[in-house]
Amino acid sequence: MVDKDLFKPYNFNIMKKLFLLLIIPFIAFSKEDAESLVKKGFLHYKNMDFESAISCYKRAVRKDPDSPQAWYWYGMAYFRYGMMDHAKNAWERYLNLTDDPYIRYKLKKYWGKHDNGYTEVFTIKGEIKDFGRFSHPKGIFVDKFDNIYIAGYGNDVVLKMSCFGKPILKIPVKKPFGVCVDDSENIYVTSENSVLKFSKAGTLTLKFGKKGRKKGEFIRPAGITLDDHGNIYVADKSGIQKFSKKGKFISGIKDFNLLFAPSSICLDKDGSIWVVDTYGIKHFSPSFNFIGSLTVRANWVFIKDKKFYIAKEKEIIIDGKKEIGIPFSPSSIAVNRFGFVYIAEPKSSNIHVFSPNWMIKKGLDVVINRIDLVNYPMVLLSLTLKGEKYDIPSLKKENIRIVEENRIAYPVGIEDVLKKSDNMGIVFVIEDSKAMKNKKIKKLLFGMVKRFKDGKQGGAVISFSSSVKTIVPFTFNKTEIRDGIESLKFEGEVNVDSILDGLDKGIEELLGLCAKRGIIIFTSSVLKKIDKLERVINYARNNNIPILVVDYKEQKDVILEDISNKTYGKYLLFRKSKEVINLYDFLLQTLSHQSQYIVYYYSPNSSLKWSNEWLSATIELGLEKFGIRDEVSYLIPEGAGAKSSLGKELIEKRLILEELEKIKKTELELKERRKRIKELLKAEEAKLHEKKEEKPHKEKKEEGEEEEEEEKKRKGH
């Protein structure tokens, strides 16, 4: 029987209220657009809450499946959380929407197959409708800072890009062919029938040459290079020529019997000249004497670090061996200091980038852990360098640069927070089961905690048996850590899966900590391979947290050993490893390779962008044989953009600096003019002096001629 009271007005109002309470959050949720969800997700990402970040990005890509930013950060969150397959899928979707050489490189690094030789790690695509567009590339060059210069012959432009393809500078040049750069970042370009020199800001400072076959003239100049003294070498259809810094002709060869339509030119360490012409590669001495030739039909030749690179149809030969196979005819090649080979493909307007496989396998990686905008426009980045089991080189200011929205910034400061530092954070993950009773774990841990340095070294205690429990969250209080260890009862059975839950919690305790950090797990359980295992390993490894295992079983556990090896930790059998006796010292030694840096820089966009505007920043590091990069985005804080009082102040400062630059430039121009005037005056004085010396000679000559004439007249009479 139906209760009639349910249909009374009061009860109906209750139902209406309940309905509204349920539907209003749904309406509010549906109003969130993809952009706001990406921003919200990034705040979670920044705070190391990767699960919440993944939830936001998941909703964002559902609302807007064509949002590159949403897919990018979706992949980044999955990567940091250790879900590698999901990260790969998200990044592949991202690459379907836009091209990002950095993500292509990351996919190759973590998911590619690496044998000996070279692997194409990414492609810089020219046919894109933005600042970085180039068409039909001819010459390419890499400078000492690993910037790439591309001569876009098809769309009359010379582009400067970072080593991972971020556009930095664009210079309009008619039909550019060859390009090279000196140590002061001046850019030299062959264009039509002349050579152009630009400052690093893209201002034309020198132009020389004209059409013709005489000395100092060109017929379609192509390759260009520089020697250690700044002299300029140019290959054109009529021969090869050498010019001074100021563009004055020094010497050269224009002999069709020796050279027929040369295109590429380079110098070796001895100053010898190597030239590609129609019939092969010709070798000349520094004084242009012919030495010999290689009968190789080549498109381009390049020498770097004693290695000889030849680009020809469908292959790149390095020191006489075919190393890279390609399905196209390259127009030119360049190599950076890390061994990356850049190959220009004119037909499809692409630059293909190949990396030596040893570098992909053993290369370092950098992770931006945190970004601090409290003192914006000063930006603070916390970086972690990751590597295999070898010493990571120390990072200096000159190794770093930041590319923020096509503008370059350099660090104003860098601090190695772990160098000569005793800061350390350890999470003890302990099996609290009856199998671990009488193992003297407490005594071992008490001795270790006793040696912790007050205020600098701390820890957390997590137990696992049938479930996981955080007994002591991370603290520097040694008494609390000791009491937490004392509370362990070592009773009951263990659920093997709870080991991984314990490791999960341990990683979360350490994520935001700026110190040497690691997890030690004490167990006697046999771990099984389950789906979650790989995620936990990747979660620790991708956040640079090594896992040390102290195993109380009689025999080695392959899965536990695998966990420690893959996270760059250590595996110790309690009964057989001497290191267990002095675990504290062993732990310090194991964590000694960790490195963490704080980098400070001024945002170059602070006076140009508004509050709450989204900015993308890429940090690029050049370390010994490695070139690495990571990316972060941030929102300009409220009241800190160009419309704020701070922004206006920065604009005023920028204007003042620009004025000072103009004044300096004017002063330099005046100095140059004065110098020229002095040179002209000296030249005029020299001419006048010559005339004065000539005049007495002429007068004497004239007097002598008059006397001769008079003498002739006398004789005639």
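Which residues of strand β22 (residues 332–335) are on one side and which on the other, and are they buried or exposed?

Modeller: A word on the model first: it is predicted, with an average pLDDT of 83 over the chain and 84% of the residues scoring at least 70.

Strand β22 has both of its faces covered. Ser332 and Ala334 are on one side, Ile333 and Val335 are on the other, and all of these are buried. In a regular strand, side chains alternate between the two faces of the sheet. The pairing partner of β22 is strand β23 (residues 341–345), which runs antiparallel to β22 and is joined to it over 4 bridges. One of the residues involved is serine 332, whose bridge partner in β23 is alanine 344. Together β22 and β23 make a hairpin, with 5 residues between the two strands. The turn includes glycine 339, which has a positive phi of about 90°.

Burial also marks a helix elsewhere in the chain. Helix α8 (residues 441–450) is largely enclosed by the rest of the structure, because 7 of its 10 residues are buried. Those residues are Ile441, Lys442, Leu444, Leu445, Phe446, Met448 and Val449. Among the elements that cover them are β30 (424–431), α9 (478–486), β33 and α13 (583–591).

Strand β33 (516–523) leads on to a loop that ends at α11 (531–542), and serine 525 is found in this loop. Serine 525 counts as buried because its relative accessibility is 6%, under the 20% cut-off. Its side chain makes a polar contact of 2.9 Å with the side chain of glutamate 431. Neighbours within four places in sequence aside, the residues in contact with serine 525 are Glu431, Val494, Ile499, Lys553, Asp557 and Leu560.

Two or more lining residues of the largest cavity come from each of α2 (34–46), α4 (68–81), β25 (365–372) and β38 (626–635). Of these, β25 gives the most, with 4 residues. The lining includes Phe42, Trp73, Ile368 and Asp630.

Finally, two stretches call for a note on confidence. Over residues 16–30 pLDDT stays under 50, and the model has 4 contacts beyond four places in sequence for them. Residues 643–647 also stay under 50, with 8 such contacts.

Technical notes:
Residues numbered from 1 in each chain as written. Predicted model: local features only at pLDDT ≥ 70, side-chain atom pairs only at ≥ 80, totals over all residues. Heavy atoms only, no water. Buried < 20%, exposed > 50% of the residue type's maximum accessible area, 1.4 Å probe, protein only. Polar contact = N/O pair within 3.5 Å; in protein donor to acceptor, adjacent residues only side chain to side chain. Contact = heavy atoms within 4.5 Å. Pairing = 2+ DSSP bridges. pLDDT = per-residue confidence, 0-100. 1 Å grid on protein atoms, 1.4 Å probe; cavity = no way out; pocket = protein on both sides within 12 Å on 5 of 7 lines; lining within 4 Å.
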